[in-house]
Amino acid sequence: MGVQLDTHEPRQLCPSPILPFDETQWIVRIRRIFDEEIELSDDQPISIFGVPKPLLCTKPEAYMPQLVSLGPYHHYRQELCDMERYKLSAAKRSQSLLPNMDIQQLVDVFTRSEHRIRAHYHRHLNLSNETLGWMMAIDVSFLLEFLQTFSNNSNERTLQRIPSRMSHLVDPSRRTSSRSMLLRDIVMLENQIPLFLLLKAIELRCSSAQPAQSVLSSMLIGFFQEVSTLKGTGCSCTDINQHAHLLHFLYSNMVPRCKEESDGTVELVGDDSHNEHDHRKRTLSSIAELLVKRGAKFVSVMIDFTVKTTLKLLASIPCLSVLKQPIEQLTQQAFEPSGGALQNKNTTSPLLEEIAVPSVAELAYAGVRFCPTVGDISMIQFCTATATLYLPVIGADVTSEVVLRNLVAYEASVGTGALVFARYVELMNGIIDTEEDARLLRECGVILNHLKSDQEVAELWNGMTRSVRLTRVPALDLVIDDLNKHYSSCWKVRVRAFAKAHVPGAREIIACVAVVMLFLFVGVQVFCVVRGCVPASYGMATGKVGA
């Protein structure tokens, strides 16, 4: 009996294949737009993009859904078809919540909003109106069934009870790997659904006593508290009409508003509740920094004068002139304003793969303390008077990397202003290099580590080294410059750098110093004997007495 070979093709791991272009369907759609004078939603900005290729090629699994597809971009991927039965079950259960309606009427509502739906997507959707309406109705039903588990109002019974077969996916009390994968897929840029569709579906389900806005806002607030990587930040903007989709909602509440200046730079505008306190803190820090700089300038001038005078004396002595060059190199390195390679890298361009900034361990060696602060990115600052770096508290778990990467991708794609969040990610990537760096931040409370080890936290940040482009953000750039200046001005750092640079010649220098000291001692002894300070028979007389 022969062996039967498996002729089935393997599942594709790439995005869905492009459907053949239907010319007839396209002509029908264009004629309908002109004949019925349909509004094309020109005022609706595009909000759902494809991930930029420079980011996608670094780690595709962080941008492409691995469990469930939402929306049209990944709908036809074969490896995601297993979740279709769960989505269909959710759509069937949603029919019981539609008074005097069925799922077909929800599809009709979405079909009438076809052009508004298409306006959200950057890619052309080669789908018929009815196909798009059914796809959105099914996906919205599934997404609402999942989001209701995050609602802060436990007494609201506007949505259906969670079935037992779905509990491993949506039950928040069960921290399963499937639920973590579902969370990661929902926040991906290419897996977004317009929020106005969720609002329309809730309006059809809710009574007049329960506004759909408050119901959806309650879900989104709970979802934000679960997914947001910046802990301690509240949802300052919960108006559904101001957000295009879930990822946009996360971005708006995690990233501070920006005010663009006339020179093209941007200024971060933080939470109003922290503005007065932050202004006082910055004023005191500025005064203390001015006093410290004035005092340090005076001390450096005095030291420079003393060192130069000493060098001149050494140069006048032939046997000690060999020490002049090493001491000049050390003092020259010490009095550089920003110090060596860090300054060169930092002033060249802000668009490097990784910001030139010392790591956490290096900063701690230079005396920098790390203090967690409550708030968003606008609370990041470095106090030079106390050598304290203030950083917002950030959580690290299995969903953090996907959230961070897709927020960076969304910020780069929408292109409405400066890439503030990308600049923050680059800063954290620059200061976290090793497991030791992650441990120091965890011990001081800046990082809440829910991963297996500090090494995984370091690998998380080290993996995000590529951005599409960076923009100068003065608030964060000032922090980077101050950190480099403080690190470069530390004497321990200068001495260690000098020792590393001259380790191959250290033995020669020590031998030279020993020879010079020997000759100096012999010379002083001969001089004293010649001048009569010590009798010539002093050593012999001492020897006779000892005998």
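When I say that two residues are in contact, I mean that they have heavy atoms within 4.5 Å. What you see is a predicted model, in which local features need a pLDDT of at least 70 and side-chain atom pairs count only at pLDDT 80 or more, while totals for chains, interfaces and linings use all residues. Residues are numbered from 1 along each chain as its sequence is written, and side-chain values use heavy atoms, with hydrogens and water left out.

Let me start with confidence, where pLDDT is the predictor's confidence in each residue, from 0 to 100. The protein chain averages a pLDDT of 77, and 66% of the residues score at least 70. Confidence is lowest in helix α14 (residues 340-348), with a mean of 43, and highest in helix α18 (residues 435-443), at 96. Over residues 1-17 the pLDDT is below 50, and this stretch has 16 contacts in the model beyond near neighbours in sequence. Residues 540-547 also stay under 50, and for them the model has zero contacts beyond four places in sequence. Where pLDDT is low, the predicted coordinates should not be read in detail.

Now the overall picture. The protein chain has 23 helices and seven strands, where helices (H or I, at least four residues) and strands (E, at least two) are DSSP runs, numbered from the N terminus. Of its 547 residues, 43% count as buried; buried means under 20% relative accessible area, exposed over 50%, and partly exposed in between, with a 1.4 Å probe and protein chains only. Among contacts between residues at least 6 apart in sequence, 73% join residues at least 24 apart.

Which residues have the most contacts inside the largest nonpolar core? They are Phe223, Phe421, Tyr424 and Trp461, in a core of 118 residues, and the largest share of this core, 10 residues, comes from α6. By a nonpolar core I mean a set of buried Ala, Val, Leu, Ile, Met, Phe, Trp, Tyr and Cys residues joined through side-chain atoms within 4.5 Å. Leaving aside neighbours within four places in sequence, tyrosine 424 is in contact with Leu230, Ile377, Ile380, Pro392, Ile394 and Leu476.

With 16 residues, α10 reaches 22 Å from its first C-alpha to its last, close to the 22 Å expected at 1.5 Å a residue; the expected span is 1.5 Å times one less than the number of residues. Its buried residues, among them Leu216, Met219, Phe223 and Phe224, pack against α6 (129-147), α8 (177-186), α9 (195-205), α11 and α16 (400-414).

That brings me to the aromatic rings. Rings of Phe, Tyr and Trp (its six-membered ring) pair if their centres lie within 6.5 Å, and planes under 30 degrees apart count as stacked, over 60 as edge-to-face and the rest as tilted. A search of the whole structure finds seven such aromatic pairs. The rings of phenylalanine 146 and phenylalanine 150 have centres 5.3 Å apart and planes at 75°, so this pair is edge-to-face. Both phenylalanine 146 and phenylalanine 150 are buried, and Phe146, Phe150 and Phe223 form one aromatic cluster. Phenylalanine 224 and phenylalanine 249 also pair edge-to-face, at 6.3 Å centre to centre and 90° between the planes. Because phenylalanine 224 lies in helix α10 (residues 212-227) and phenylalanine 249 in helix α11 (residues 246-254), the pair ties together parts that are 25 residues apart in sequence.

Serine 180 lies in helix α8 and counts as buried at 18% relative accessibility; leaving aside neighbours within four places in sequence, serine 180 is in contact with Val398 and Thr399. Serine 69, in the loop between α2 (53-56) and α3 (84-95), counts as buried at 1% relative accessibility. Cysteine 371, in strand β3 (residues 369-373), is partly exposed, with a relative accessible area of 27%. The C-alpha atoms of cysteine 371 and threonine 388 are separated by 6.8 Å, although the two residues are 17 apart along the chain. Thr388 is also one of the residues in contact with cysteine 371 beyond four places in sequence.
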